[in-house]
Amino acid sequence: MTLKDLKPGQEGVVASIAATGPMKRRLMDMGITPGVAVRVVKAAPLGDPVEVNVRGYELSLRKEEARQVQMK
């Protein structure tokens with residue numbers, strides 16, 4: 001399951017980040033690291049972007065970015 005698959009109100013724990021290179025570094029710099037809890041706050045009407053709560057702050061991610069985050 002990926003972060004993109006979670007619906008608003010659902011929560012999960014980051015298992016891994018499938019992205020490589022600059023995209024992986026960017027996601028990790030934003031606080032999305034393995035083991036951290038992430039809760040989906042809301043999604044735009046067409047699903048892009050999705051707003052998540054991670055480490056106490058709100059973060060907006062595009063579908064392509066959310067698709068790279070594996071959840072458990």
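Guide: This is a predicted model.

Visitor: Which residues line the largest pocket?

Guide: The lining consists of Lys-4, Asp-5, Leu-6, Lys-7, Pro-8, Val-40, Ala-43, Gly-47, Val-50, Lys-63 and Ala-66. By class, 6 of the lining residues are nonpolar, 1 is polar and 4 are charged.

Visitor: Where is the place of Pro-8, one of the lining residues?

Guide: Pro-8 is found in the segment before S1.

Visitor: Let us turn to secondary structure. How many helices and strands are there in the chain?

Guide: The chain has 2 helices and 5 strands. Along the sequence these follow the pattern β-α-β-β-β-α-β.

Visitor: In what order do the strands form the sheet, and is the pairing parallel or antiparallel?

Guide: In general, the strands of a sheet pair through backbone hydrogen bonds, in either a parallel or an antiparallel manner. Here the 5 strands form an open sheet with the order S4-S3-S2-S1-S5, and the pairing is antiparallel.

Visitor: Which strands stand at the edges?

Guide: The edge positions belong to strand S4 (57-61) and strand S5 (69-71). Each has a single partner strand, so one side of each lacks a neighbour in the sheet. On average, neighbouring strands of this sheet are turned by 45 degrees against each other, direction ignored.

Visitor: Over how many bridges do S1 and S2 pair?

Guide: Strand S1 (residues 11-17) pairs with S2 over 3 bridges, in the antiparallel sense. Within this pairing, Val-13 has Ala-37 in S2 as its bridge partner.

Visitor: Finally, how does the radius of gyration of the chain agree with that of a compact globule?

Guide: A compact globule of 72 residues would have a radius of gyration near 11 Å; the chain has 11 Å, so the two agree. The C-alpha trace spans about 30 × 20 × 20 Å along its principal axes. Of the 72 residues in the chain, 38% are buried.

Notes:
Residues numbered from 1 in each chain as written. Predicted model: local features only at pLDDT ≥ 70, side-chain atom pairs only at ≥ 80, totals over all residues. Heavy atoms only, no water. 1 Å grid on protein atoms, 1.4 Å probe; cavity = no way out; pocket = protein on both sides within 12 Å on 5 of 7 lines; lining within 4 Å. Nonpolar A, V, L, I, M, F, W, Y, C, P; charged D, E, K, R; others polar. Pairing = 2+ DSSP bridges. Helix = DSSP H or I, 4+ residues; strand = E, 2+ residues; numbered from the N terminus. Axes fitted to C-alpha atoms, helices over the stretch in contact; angles between N-to-C directions. Rg over C-alpha atoms; globule rule 2.2 N^0.38 Å. Buried < 20%, exposed > 50% of the residue type's maximum accessible area, 1.4 Å probe, protein only.
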